Amino acid sequence: AKQNFPENTPKEQIVRLLGSKRLLGVPKSPIKENDEFYMDNSEVPEFFDSRLEWKYCKTIGHVRNQGNCGSCWAHGTTGAFADRLCVATNGEVNQLISAEEVTFCCHRCGFGCNGGNPLRAWQYFKRHGVVTGGDYNTTDGCQPYRVPPCVKDDKGHNSCSGQPTERNHKCSKKCYGDDTVDYKSDHYKTKDAYYLSNTTMQKDTMVYGPIEASFDVY
């Protein structure tokens, strides 16, 4: 990671982009401690790269730009879901999942560009399903992301610096990206939603693909 904002950027502006929130009353999913496909602790290698393990998954390693919107919680969860969907289908489903839908349609998840809860997003995937959707200004998938990216000019100035947070978009119930995709049939669901412990994160990644994690910033 590199410095993405000028040194004089107000701390409050950067904090607004830290969108992973702990919401009161969010039910805890079970902590997954074991799986029939997990390897023994002694067999976990020192090095493992999902990009090399599943080279056919174009989503793994793809870096998205959340723009001036505290939607990291939606990008992290949809990114991991897209990767795992590709792994589970052996590459048959190999598309980005819509961060736009999760950010602005999962009202139980939180507050759109003002932050949300990742666990609620996974529960949304399981209960409701989510459509495909690529990056800003593309027609990839059903609902591509519609928040403009933060970009740097030749002088290193960030286009989002000093700008207000993106206003929340109206939830769309149709495909506006690839118009050949049917909105109702494009929804993908997860089988389960669970937490991982520090002893199972590596094992789960090696079997099912990349995971999503949040951390506190002090």
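**A left-handed link and its neighbours**

Modeller: With -100° about the S-S bond, the disulfide (a pair of cysteine sulfur atoms within 2.5 Å) of Cys 69 and Cys 113 is left-handed. It ties together distant parts of the chain, 44 residues apart: Cys 69 lies in the loop between α2 and α3, and Cys 113 in the loop between α4 (99-105) and α5 (118-127). Helices here are DSSP runs of H or I with at least four residues, strands are runs of E with at least two, and both are numbered from the N terminus. The two sulfur atoms are 2.0 Å apart. Both cysteines are buried, which means under 20% relative accessible area, with exposed being over 50% and partly exposed in between (1.4 Å probe, protein chains only).

This is a predicted model, in which local features need pLDDT of at least 70 and side-chain atom pairs count only at pLDDT 80 or more, while totals for chains, interfaces and linings use all residues. Residues are numbered from 1 along each chain as its sequence is written, and side-chain values use heavy atoms, leaving out hydrogens and water.

The structure holds six disulfides. Another one joins Cys 105 to Cys 171, S to S 2.1 Å; at 105° about the S-S bond, this link is right-handed. Cys 105 sits in helix α4 and Cys 171 in the loop between α5 and β2 (195-196), 66 residues apart. Cys 72, by contrast, is in no disulfide, and the nearest cysteine sulfur, that of Cys 69, is 9.0 Å away. Cys 72 counts as partly exposed because its relative accessibility is 27%.
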